[in-house]
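Subject: Structure handover

Hello,

Here is the structure you asked for. My notes follow below it.

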Amino acid sequence: MKNRPTTMWKLLALAAVLAVAATISSSAGVAAREQSVTLVWWHNVTQGPGVKLYKDIASEFQKKYPNVTIKAVPLQNEQFKTKIPIALQSDSPPDVFQSWGGGGLVDQQKAGKVANVTKYVAPWIKSIGGSAAGWQVSGKQYATPYSVGVVGFWYNKQLFRQAGIPSAPTTWPQFLAAISKLKDAGVAPIAIGSKDEWPDAFYWDYLAVKLCSKRVMQQSAVTYNFRDACWLKTGKVLQQLLDLEPFQDGFLATPAQQGASSSAGLLANGKAAMELQGHWNPGVMQSLTPANKVPSFLGWFPFPDVPGGKGIKGSLLGGGDGYACSWNAPQPACAQFLGYIDSLSVQRRIGSTGFGLPVRKGSESSVKDPNLRTVLKFRSSSPFIQLYLDQAYSAAIGQALNGAIAKQFAGKATPAQVVQEIAKAAKKK
Amino acid sequence: VTSLDGTTAGRAKAQPAVVRLRRKWLEIGLFLAPAVALYVIFLIVPVVQAVRYSTYAWNGLGDLSDYVGFGNYREAFGDPAFRQAMGHNGILVALSLVFQLPLALGAALLLNRPLRGRSLLRLLFFTPYVLSEAITAVIFLQILQPDGLADEFLRSIGLGDLVQLWLADPDLVFYTLFVVITWKYIGFAIILFLAGLQGIPRELHDAAAMDGASSWTNLRYVTLPLLGPTIRIWAFLAIIGSIQLFDIVWIMTLGGPAGASSTMATYMVDQGVNSYRIGYATSVAVILFGICFVFSILYQIFVLRRDVAGGTARMAG
């Protein structure tokens, strides 16, 4: 008891000395003259190559800006959906948090929960090219992407060869012909995870990208007007595919990514010839093979063009990951952090570790996997990348669209009914 | 004499009696306060809040500003997808009562007889109930996948023609789920009925036998009436459970394909968590709450009232 005050005094004295020392040392740096701040960083990287990368990013950034402390909070991806809105309602939301752009970001911006970072990112935003558009609201930057991929067909080159298909189909009629050939060869042409609904939507979305003009696509996420004839045609062209019954048995109950009997597992284990999926698919497939390796037969080709479609040739469907700053995040620290994640050094590592497809110009060569390089090549040369519609639209409308498309896949809705359902959802609040 | 004594005694005791009464209420108040506070904070307040949220169009972000009155409720009852989900819950209630009751009763009667390996059998029947819903769902996902255990088993015994797309056929999936649910919960019904059967005094069976009652008559006029309270409690739990069903469905099918296995609860989560229509989903939650609440009260009044003396009804309520 007696020496307790003494210990306390010693501690206080020590703290005072440290504080003075800190002030002296920090006055040396320019950035550090600013107030010391903490950035709470909510991200969804809980496994894989990103874990080490993120640790490095945080410690490097703190070294570069000694006044900033990064507090990283990894969360399961699925938890984000429920945790973000609740956290944004509170007085102390996370400063930096995962953002997929599109309609979700618009909703957050309308509610005043995300910070406009336009002026902070202006010096470098051009270096990530057209990718930035998906994270803008009315031309202002509210978040920035660090990895953007596109959806395409992952396919089994061996099975294609065995079925007598010399090269990957580039047009819709060629694609339908390839499916018939694969069926004749006794192979399930396409694996699809319809249980999750969003894999169904990839087909409808992509056909819309090919059939509708760029203007109609972009306007649809603002006005939610689906009267253009191309929307109905989308469902009708899709029906041509569905009528061929190209999917594996029981596809309506197949999950996209869980287990060897998922659609990714079927492709990985040679039980189906192709799957329309995002750039993440090799990583998913790897974990579903007995040898834990990306199969050597794997190839990639973009979604075929549809003759007579109004979409610009080479238009793609895609999406990605980015970060937003919440409304009360310390600035410019938060925007500086976004900038650091998009810096060439970090972007190159995002590519080289296989963590994502980097967005910064000059980082392309860091991607080593030949298939991902193909994906990157098509992405970089694409005149227009449409964000996945369920992400581009407000969540309620996007989900209603996915649900309606899933009904068409189950044979419970006509192309016209899909358009009606989404128009109906757009009218709701 | 007594009245005279009573008045004087009463007057003498009047003051302490009031004090004692006040003290008694103070004690009750003190002891109840923590429980009441918890009840109010974690039950009453959220229910009131939910009712409030349900009258707004709200995406979970921003302020409650878009008041729509009963609009959400009108939309829910007008939405074919919600009506379909409600229908599924209704079918599930009916199926549970029609199939699970005789099944569980039969098994309980069998297991109540002196039988070799009876304890082992009881254990086997009860085991599924101990598994969590999530584990049950994952196990059956494996069993029921195309060319899975169920299909292979049918083929191996020469019934390959019966193989179905158990979870992918929109016309079949709900009944597949019902079988899984029955497998999961039947053990609980059996244990409940066994306990009830053991509460029936042997003498009644003996007396009935003496009077020349056949075993069927014995069952019909002795066993069943005396098992009544237990059956009524089980039915109550089964109906409420059917109305609130969520976990198994969500893990196995997400309510699909195309809503073919949806329930009110999966519809609610889909609207709230996936579509961010928090206000609307809350109105669905309030509807679900209302259905359970009204049903519970009516069941108490009309069905369980006669059992109240036994005390079981109060426990379940």
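Where do Asp56(A) and Lys52(A) lie, and how many residues apart? Both are in helix 2 of chain A (residues 50-64), 4 residues apart, which is about one turn of the helix. Please keep in mind that this is a predicted model. The two residues form a salt bridge, with the closest N and O atoms 2.8 Å apart. Side chains of opposite charge can pair when their charged atoms come close. Over all chains, the structure holds 11 salt bridges.

Interface of chain B and chain A

Between chain B and chain A the count is 1 salt bridge. Asp171(B) and Lys412(A) form it, and their closest N and O atoms are 3.8 Å apart. The interface also has 6 residue pairs in polar contact. On the side of chain B that touches chain A, helix 10 (247-253) and helix 11 (264-274) each supply at least two residues. That side divides into 17 nonpolar, 7 polar and 5 charged residues.

In total, 29 residues from chain B and 26 residues from chain A take part in the contact. About 2200 Å² is buried between the two chains, and carbon and sulfur atoms give 61% of that area. In chain B, the residues that lose the most area to chain A are Leu61(B), Ala258(B) and Tyr276(B), which together account for 25% of what that side buries.

Helix packing in chain B

Helix 3 (residues 80-111) and helix 9 (residues 215-244) of chain B pack at an angle of about 140 degrees, and their axes are 10 Å apart. The crossing of helix 3 past helix 9 in chain B is right-handed. Helix 3 of chain B contributes residues including Leu92(B), Leu97(B) and Gln100(B), while helix 9 of chain B contributes, among others, Leu227(B), Ile231(B) and Trp234(B). The residues of this contact divide into 14 nonpolar, 5 polar and no charged.

Backbone points to check

Most residues other than glycine have a negative phi, and most peptide bonds are trans. The exceptions I noted are these:

- Gln331(A) and Pro332(A) are joined by a cis peptide bond, with omega about 5 degrees. Pro332(A) is in the loop between strand 11 (316-325) and helix 13 (333-341) of chain A.
- Gly256(B) and Pro257(B) are joined by a cis peptide bond, with omega about -5 degrees. Pro257(B) is in the loop between helix 10 and helix 11 of chain B.
- Ser138(A) is not a glycine, yet has a positive phi of about 45 degrees. Ser138(A) is in the loop between strand 4 (136-137) and strand 5 (140-141) of chain A.

Regards

Technical notes. Residues numbered from 1 in each chain as written. Chains lettered and ligands numbered in written order. Predicted model: local features only at pLDDT ≥ 70, side-chain atom pairs only at ≥ 80, totals over all residues. Heavy atoms only, no water. Contact = heavy atoms within 4.5 Å. Buried area = accessible area lost by both parts, 1.4 Å probe. Salt bridge = Lys/Arg side-chain N within 4 Å of Asp/Glu carboxyl O. Polar contact = N/O pair within 3.5 Å; in protein donor to acceptor, adjacent residues only side chain to side chain. Nonpolar A, V, L, I, M, F, W, Y, C, P; charged D, E, K, R; others polar. Axes fitted to C-alpha atoms, helices over the stretch in contact; angles between N-to-C directions. Left-handed = near helix turned anticlockwise from the far one by under 90°.
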